[in-house]
Amino acid sequence: MTRKMTRYSLKSQATGWLLLMPAAVFLIAFTYYPTIATLAKSFFSQGTALRPSQFVGLENYASLLDDEVFWKVARNNIIYAGITIPISIALALLMAIWVNGRLPLRSLTRISYFTPTILPMIAVANIWLFFYTPEIGLLDQTLRGAGFNGHNWLGDPNTVLGCIIVVTIWKESGFFMIFYLAALQSLPPELEEAAKLEGASRWTYFRRVMFPLLMPTTLFVMINAVINSFKLVDHLFILTKGGPDNSSSLLLYYIYEVAFSFLDQAYASTLTVILLGALAAIAIAQFVFIDKKVHYQ
Amino acid sequence: MSAIELSDIVKRWGETTAVDNVSFKIEDGDFVVLLGPSGCGKSTTLRMIAGLEDVTAGTMKLNGVDMTNVAPSKRRISMVFQSYALFPHLSVEENILFGLKVRKIPRDERATRLDKVAELVGLSTLLDRKPSQLSGGQRQRVALARAVIAENKICLMDEPLSNLDAKLRQDMRFEIRALQERLNMTVVYVTHDQAEAMSMADKVILMREGRIEQEGTPDELYNRPATVFAASFIGTPPMNLINTTTHDGAFVIEGENQTQVLETSLSEVLIGIRPEHISITDDQGIQAQLLSADYQGADTIVNGLIGTQKVLIRTPGRVAINKPLHARLSWNKDNVHVFKADTGARTELINAVSV
Amino acid sequence: MRSNFKPKLLKLAIAGAFSLGLASSALAVDLTMYYPVAVGGPLTKIVDGMVSEFEKQNPDIHVKAIYAGNYNDARIKSLAALKSGKPAQTAVMFSIDIYELIEQGAIVAFDDVVETVEEKAWLKSFYPALMENGKTQGKTWGIPFQRSTIVMYYNKDAFRKAGLDPEKPPATWDELVSMGQKLTQKTGGKVDQWGAMIPSTGYPYWMFGALSMQNDQTLMNGDGNKTNFDAPATVAALQFWKDLGSKHKIMPSGTIEWGTLRQNFLAGKTAIMWHSTGNLTVVKKKAKFDFGVAMLPANKRRGTPTGGGNFYIFKKSTPEERKASMKLIRFLTDPERTAEWSMKTGYLATSAGAYGTAKLKQYVKDFPPAAVARDQLKFATAELSTYQTGRIRKLLDDAIQSVLTGAKSPAEALTGAQKKAERLLKRYR
């Protein structure tokens with residue numbers, strides 16, 4: 001009896017493992033292995049034909065602490081995330097509410113809000129490059145038309161990060177809008193009517209009913225926004241290459257530079273470990289602290 | 001001064017007219033049912049009273065004050081939605097208190113009213129739950145509690161029982177009616193279920209295609225239907241509507257051609273007889289064929305044929321019909337309603353004959 | 001029995017074929033060559049055309065020419081191919097990648113491949129300035145192929161409007177400033193046309209190589225293990241660049257975008273721009289005004305860095321493959337081919353021999369701006385190239401940009417960059 005059970009459970013265990021195989025293979029090959037390899041690499045020096053790679057312990061991490069560029073880039077990224085995330089989410093919500101209502105040419109408006117999302121970031125950056133270009137750019141020409149002097153938007157360390165942030169918000173909020181729009185359309189209209197009859201203003205309805213009910217979407221969008229704020233650097237290649245003087249450089253762009261321009265994969269791995277750690281910490285924090293407050297239907 | 005007064009209310013969406021010149025008055029403390037098939041404009045009318053739909057034309061007064069274009073929140077009206085419209089993220093207590101908080105009612109008073117209302121609808125033990133943790137009937141009670149706690153004189157209900165099972169629906173009818181009487185509320189209640197209307201209403205307003213077909217007490221609608229539509233909509237099974245014709249100078253049922261059923265006839269008419277007013281007899285009455293029987297427990301609905309005309313007969317006890325058989329049917333002329341075939345309107349000018 | 005028979009027969013057949021027609025050549029050689037495209041135009045077609053011509057003349061060599069993206073991609077792909085089982089034998093890569101490639105042990109010096117007197121002479125046939133980036137440790141590692149320099153484009157109409165002689169572009173820094181001030185047009189406080197623009201994104205170190213050379217100062221030594229960022233002449237050159245914007249006001253302050261500068265010039269927003277010769281063909285096509293091309297102005301002397309790509313031969317190759325690669329490179333860099341390549345692309349012709357060909361002579365006669373880059377070559381120097389070249393370049397780029405944007409003084413920025421460069425390069429001495 002017992003032997004039979006054991007055999008049976010062994011067999012069913014094997015089936016289970018077999019079914020897991022395809023997913024596991026891909027996860028290991030494309031997620032776990034690279035993560036572990038990156039971590040391992042960060043403890044070695046960069047090898048060349050003349051100087052083979054060797055174990056250096058935490059040396060790479062120590063030089064990271066001394067790396068001015070790293071600190072500048074990290075600071076940039078925090079500002080970049082701190083501004084793009086809340087504004088793009090708020091804008092997305094606002095646009096979603098706006099196009100969810102009755103308005104003429106509604107689908108046209110929806111499409112026009114969504115268009116930036118469909119465009120590849122490289123194309124977007126090229127469009128914006130000509131907005132920002134001094135003298136002949138759209139922005140400068142408009143300013144000049146209004147009687148102001150032009151400004152070297154991307155050439156000024158004080159404005160360049162702001163310019164990058166605007167492009168990102170422009171690109172992202174349309175994408176997040178779609179999620180909010182879908183969520184809004186799943187909200188029964190009677191809820192708003194009921195609230196109205198109870199004397200609630202539009203703001204009260206938004207604050208007490210709509211926004212709490214959109215929380216699952218907000219959480220989802222927020223995690224995406226956080227990841228994107230560290231992941232989305234395509235436009236830097238076109239717009240600024242991180243300059244002037246690293247004023248618009250972000251962590252991932254810096255990692256790219258270190259890995260493929262400086263050919264220092266050891267240090268790039270070190271930076272990557274820091275980036276992964278930060279992202280993991282943020283994601284965990286979001287799930288632990290915010291998830292409790294989210295109402296899932 | 002009526003609690004609610006609608007005068008020539010019209011609602012149009014582009015080309016379609018959903019509500020077409022509707023006027024009625026509802027007196028204080030009345031339980032009025034807006035009845036009709038789906039698409040008849042009853043819900044739209046209710047929503048216009050609430051202010052959730054704009055009025056295309058006409059005026060609406062509450063207690064004599066013109067409220068046609070006043071925001072819903074200023075009308076002091078409560079409403080129970082078909083879907084209950086409970087806020088899923090709020091507890092039962094927060095749902096019930098939502099309006100009071102919005103209107104900044106002091107905390108003490110809120111607590112007092114909550115206790116009272118929770119008691120009234122039997123939710124006292126469930127106040128901490130979320131709507132998703134409640135049964136359909138319990139959600140219904142929360143919706144009622146939310147409507148009641150505002151202490152508005154007028155409460156609108158849009159098919160509030162249609163999501164409940166039959167048994168619960170029965171119970172809730174009595175509860176809602178009892179609640180209304182106890183709090184002396186003016187209720188406008190929308191339903192497509194004529195049985196609900198008959199059992200609950202002080203007054204029924206029967207609507208069809210955006211117009212009022214008949215307005216009156218359940219009794220009046222049942223006993224003196226104003227139109228063929230009213231006759232066929234009220235009662236289960238509905239009233240038999242039978243075509244008549246002239247044969248050898250006699251006014252007879254189509255295809256039967258022997259028995260006089262009307263004294264006179266001015267034009268083509270229909271006669272209406274409720275199934276419960278037809279009895280099956282052995283030797284007298286009109287010739288008929290009985291085709292099948294539908295046993296209901298207390299009585300049986302028999303499917304019959306007079307001439308070419310189908311009739312339903314409600315007869316007490318259990319009757320079994322295995323194969324078609326001949327029988328005779330009889331009715332009293334007082335139970336016969338006469339309608340004009342062309343307009344469908346009731347006429348009193350033609351008298352029926354008992355058979 | 002049977003299993004032994006077939007291969008034998010095959011070998012016999014092959015031997016027979018060789019003894020018949022191809023007796024002189026060794027076994028057929030397959031070559032893989034990576035090359036980048038850094039400027040616009042149908043460059044891949046031109047390369048493919050030349051390669052197929054080569055194959056026609058050398059039926060025993062098969063060349064797979066693979067377009068590998070920009071310079072950065074070409075380097076990454078070539079190095080990746082070396083690590084994998086299917087390496088390339090030769091590639092065109094950034095001329096300044098030389099130290100990186102040596103450090104990776106990826107390439108061989110041409111001195112170790114050339115044998116005959118003729119081949120040795122060929123090695124000396126290129127302009128010396130173009131060889132600078134290909135030579136270190138006393139050996140030649142790269143052969144110039146798609147090369148460029150910086151030249152000065154100027155708007156002759158704007159010169160006329162400002163009362164300047166359109167045939168006398170600024171030849172010195174002082175003239176650049178004085179003419180630039182005349183060329184800067186304002187209405188009210190708004191500038192409608194700037195005097196000059198020198199791009200400072202993308203490749204600021206390259207433009208700066210010109211300025212420092214004009215101040216008679218190279219940016220690094222010939223071994224690629226020492227930089228001269230904090231030399232007084234270097235600091236003064238950066239000060240001059242900065243002053244063009246902030247003091248003389250003939251150039252916008254802040255950094256100037258590499259990618260959109262050409263549009264600014266074509267739109268008449270600047271009377272002068274410094275840019276790669278690679279833009280010559282496009283400017284010629286698109287300019288709606290009379291434009292000229294001139295050598296960059298001088299301070300202590302004239303000067304410009306060279307730029308662009310060199311041929312390299314990879315170490316991971318057989319002697320036969322190296323020989324074949326040599327053949328291919330010699331074919332692609334012979335005067336006739338070079339002349340054709342230069343006319344079609346706008347790149348410099350890399351040897352005096354090429355400029356001596358009839359067709360290029362005629363072309364230069366018809367379109368004199370094409371000669372400016374050549375004439376400037378005698379003043380040219382190597383592009384910034386060192387060990388750890390990516391990092392060193394970035395240090396200088398950041399220093400330049402921090403000065404142009406007003407965050408640091410030239411001395412402060414360049415001393416800082418030099419200090420960091422020292423730390424990186426010490427171990428290569």
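The accessible surface of chain C in this predicted model comes to about 17,700 Å². Carbon and sulfur atoms account for 55% of that area.

The secondary structure of chain C consists of 19 helices and 13 strands. Its radius of gyration is 24 Å, close to the 22 Å that the globule rule gives for 429 residues, so chain C is as compact as a globular protein of that length. Along the principal axes, the C-alpha trace of chain C spans about 100 × 50 × 35 Å. Among contacts in chain C between residues at least 6 apart in sequence, 75% join residues at least 24 apart.

The charged side chains of chain C number 59 positive and 39 negative, and the centres of these two sets lie 3 Å apart.

| Property of chain C | Value |
|---|---|
| Accessible surface | about 17,700 Å² |
| Radius of gyration | 24 Å |
| Span of the C-alpha trace along the principal axes | about 100 × 50 × 35 Å |
| Distance between the centres of positive and negative side chains | 3 Å |

Glu172(A) is located in helix 7 of chain A, which covers residues 157–186. Although Glu172(A) is buried, it has no salt bridge. Leaving aside neighbours within four places in sequence, Glu172(A) is in contact with Ser88(A), Ala225(A), Asn228(A) and Leu232(A).

How values were computed:
Residues numbered from 1 in each chain as written. Chains lettered and ligands numbered in written order. Predicted model: local features only at pLDDT ≥ 70, side-chain atom pairs only at ≥ 80, totals over all residues. Heavy atoms only, no water. Helix = DSSP H or I, 4+ residues; strand = E, 2+ residues; numbered from the N terminus. Rg over C-alpha atoms; globule rule 2.2 N^0.38 Å. Contact = heavy atoms within 4.5 Å. Areas by Shrake-Rupley, 256 points an atom, 1.4 Å probe, with all protein chains shown as cover. Lys, Arg positive; Asp, Glu negative; His and termini not counted. Charge placed at Lys NZ, Arg CZ, Asp CG, Glu CD. Buried < 20%, exposed > 50% of the residue type's maximum accessible area, 1.4 Å probe, protein only. Salt bridge = Lys/Arg side-chain N within 4 Å of Asp/Glu carboxyl O.
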